[in-house]
Each structure stands twice: as C-alpha cells, then as structure tokens.
Amino acid sequence: MLNKHKKALNKAKFKKKITRTIGSILVDTILPKDEITPGEELVGEVELRSKKGLQEVERIKVSLMQQFMTMDNHISNLPLHSVEMRLTDEQRDADEVTVPFSMTVPLYVPHNIGKRQCWIQTDVDIAYKLDPRDLDFIQVNPHPIVPKVNKVLTERLGMLKTNREEVIYYSGFGGRFVIDKRILNHPLYPMLSKRLVPLVHELEFFPPDEFKEKFKEIEIIYDIHPEGLDLYVELQYFIRKNIGGYFEREALRERGMDEVIHKISFTNEELEMEEEIASKIFDLLQNAEEPVELRGD
C-alpha cells in the first residue's frame with residue numbers, strides 16, 4: 001500500500017503540504033493534488049515526527065469535510081467520509097513515520113460553488129492533549145454526469161439555470177431506527193437513508209417557455225450510483241390568486257403543498273443518449289398534474 005501511494009505522490013506535479021505542531025509532534029498531511037471528482041480514489045500521506053517518539057499518538061483520522069446548510073438554516077461542518085489509522089508498536093518507537101491513507105470520494109459529494117468550502121482535515125488524537133487539526137482545502141469538481149444532464153436541460157429542453165444552488169443536510173433522515181412517519185413517507189427518504197451523510201445538492205432552474213405558466217421553478221437533485229442515475233425533479237407550481245385568501249395561500253406554501261418531487265431513473269446506457277434523457281424529462285413536465293389543493297375546483 002505504501003509503495004502505491006509513494007508512486008502516486010512521486011508522479012504528481014502538484015503536492016499540497018500543510019504542517020501543524022501539537023506538543024512535541026510535527027504533523028504533515030501531503031496530498032498529490034488539490035482537486036477531486038466524486039467516485040475517484042483520493043490518496044495521501046500523513047507524516048509524524050518527534051524527537052521524543054510517538055508513544056502518545058492514539059489514532060490518526062483523515063476526513064473529507066464540507067460546509068453546508070441544515071434543514072433549520074444553520075451552517076454545519078460535517079465529515080462526508082473518513083478513514084482512521086493506528087500506529088503499530090514498531091511505529092510508536094520511531095521518531096518519524098509515514099502513514100498512507102486512501103478513500104473513495106462518495107458519488108453524492110456536491111461540488112464547490114460560491115463560498116462553500118471542502119477540505120481534508122487531519123485529526124491526531126494524542127493522550128492528554130487537544131487534537132491538532134490540519135485543514136487542507138480542496139476543490140471538488142462535478143461528477144461528469146451532472147454537466148452532461150445539465151446541458152440537456154438547458155440546450156435541448158430550454159430550461160434556464162439560476163445561480164442558486166443549495167446543499168441541505170437532513171439530520172433526521174439517517175440511521176436505521178427512524179419512526180417518524182413524516183420522514184418515512186418523504187420522497188427523498190429512500191435515497192437519503194442509504195447515504196453515510198443524508199444531504200442533497202439542489203440545482204435550481206426556470207422552466208422552458210412552454211411550461212412557464214405551469215411551473216414557477218424546477219429543482220434538480222442528482223443521485224448517482226454505479227448502475228446509472230436517479231433524478232429527483234421537484235416541480236414548484238404557481239398558487240393562483242383565486243385559491244382562498246392570502247393567509248390560506250401562505251399556509252399552502254408553508255406546508256410545501258405547491259411542490260411535488262418526482263423520480264426519473266436512467267441506466268448507464270440511457271445516459272449515453274441525450275435524446276433519451278430529454279424525452280423522459282419532457283414527458284414528466286408535460287404529464288405532471290398540479291396538486292389537488294392548487295386546482296381551485
């Protein structure tokens with residue numbers, strides 16, 4: 001494993017190295033590049049040096065971190081994926097060790113946009129001392145499927161992508177023991193319950209001209225997996241002024257009654273054909289019916 005990582009680091013034209021010191025131990029995290037793509041393997045090394053030896057080191061933890069908003073509009077820094085390493089007795093007796101690490105970047109990791117940051121954070125647990133935190137900022141690129149489908153949405157279907165993108169953390173959607181029926185019945189629960197971190201990356205579009213009287217906005221959520229893509233399309237309808245009074249219309253918005261989430265699935269073979277992608281999405285836009293509460297019958 002060490003030779004594999006050494007080979008990758010030696011070939012790299014770019015090496016990112018950040019140094020931190022805690023107690024008598026110098027901690028270096030070395031990355032062969034400063035950008036990643038979901039689905040890729042990220043390799044690196046953590047170097048520890050101390051003239052007094054490394055007996056105090058209990059564990060090393062390397063995490064892929066990202067900042068995003070929670071459902072209650074708070075900003076959180078949470079690990080999307082982590083790996084832990086422990087030193088052998090022989091390494092603890094040495095003055096300097098190199099510990100390689102490797103992690104596969106989850107397919108659902110959202111790319112950087114605006115002020116949202118992603119970084120590799122190295123935590124070293126040392127007995128009786130606070131953790132040193134080594135933060136190496138890194139660029140996350142979109143998975144190749146995302147720009148491909150976005151191109152179909154804009155160029156073939158005529159949607160207009162806005163500058164608004166949100167990454168939302170659904171804190172109550174993780175774990176096995178969910179009993180809240182509102183969560184269990186949520187259309188995103190089957191997807192979020194399978195993820196290490198229940199978050200979604202929402203991309204917002206304005207509808208094509210032929211549907212601008214039907215939909216106010218269209219939000220797209222990508223669930224990329226080895227077999228293909230599940231595309232969650234959230235259609236937001238206009239609430240007409242002939243539906244009740246002002247407070248009734250606001251209550252409908254507050255309850256999310258003007259939004260409906262649909263799921264469209266694509267195999268990897270279908271994703272090779274832009275016509276197939278466009279056809280399935282157009283059929284949804286054409287045949288989707290507004291909620292009963294908004295019809296004003």
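Mentor: On a 1 Å grid over the protein atoms alone, a pocket is an open set of points with protein on both sides within 12 Å along at least five of seven lines, whereas a cavity is a set where a 1.4 Å probe fits but cannot get out; lining residues have an atom within 4 Å of a point. Please note that this is a predicted model, in which local features need pLDDT of at least 70 and side-chain atom pairs pLDDT 80 or more, while totals for chains, interfaces and linings use all residues. Residues are numbered from 1 along each chain as its sequence is written, and side-chain values use heavy atoms, with hydrogens and water left out.

Trainee: How much space lies in the second largest pocket?

Mentor: Grid points are joined across faces, edges and corners, and a volume is the space filled by probe spheres set on those points. For the second largest pocket, this gives about 260 Å³.

Trainee: Which element gives the most residues to the lining of the second largest pocket?

Mentor: The lining has 13 residues, and the closest to the pocket centre are Met191, Lys194, Asp223, Ile224 and His225. Elements are DSSP runs numbered from the N terminus: helices (H or I) have at least four residues and strands (E) at least two. Those that give two or more residues to this lining are α5 (189-192), β13 (215-225) and β14 (228-237). The greatest contribution, three residues, comes from β13.

Trainee: How many residues of the lining of the largest cavity are nonpolar?

Mentor: The largest cavity holds about 160 Å³ of space, and among its 16 lining residues, Tyr108, Val109, Val146, His201 and Tyr222 lie nearest the centre. β12 (199-206) and β13 each supply at least two residues of that lining. Ala, Val, Leu, Ile, Met, Phe, Trp, Tyr, Cys and Pro count as nonpolar, Asp, Glu, Lys and Arg as charged, and the others, Gly among them, as polar. By this division the lining has one charged residue, three polar ones, and a nonpolar group of twelve.

Trainee: Over how many bridges do β4 and β7 join?

Mentor: Two strands pair if DSSP finds at least two bridges between them. On one side, β4 (residues 41-49) pairs with β2 (residues 25-31) in the antiparallel sense over five bridges; there, valine 27 stands opposite leucine 48, and aspartate 28 has glutamate 47 as its partner. β4 also runs antiparallel to β7 (residues 96-104), with glycine 44 opposite phenylalanine 101. The number of bridges between β4 and β7 is nine.

Trainee: Is leucine 26 buried, partly exposed or exposed?

Mentor: Buried means under 20% relative accessible area, exposed over 50%, and partly exposed in between, with a 1.4 Å probe and protein chains only. Leucine 26 belongs to β2, where six of seven residues are buried. Because its relative accessible area is 25%, leucine 26 is partly exposed.

Trainee: What is the angle between the planes of phenylalanine 211 and phenylalanine 215?

Mentor: Rings of Phe, Tyr and Trp (its six-membered ring) pair if their centres lie within 6.5 Å; planes under 30 degrees apart count as stacked, over 60 as edge-to-face and the rest as tilted. The whole structure has six such pairs, and ring pairs link Phe211, Phe215, Tyr237 and Phe282 into a cluster. Phenylalanine 211 counts as buried because its relative accessibility is 8%, and phenylalanine 215 does so at 0%. Their pair is tilted, at 6.1 Å centre to centre, and the angle between the planes is 45°.

Trainee: What distance separates the C-alpha atoms of valine 152 and isoleucine 277?

Mentor: Valine 152 lies in helix α3 (residues 145-156) and is buried, because its relative accessibility is 0%. Along the chain, isoleucine 277 is 125 residues from valine 152. The separation of their C-alpha atoms is 7.2 Å.
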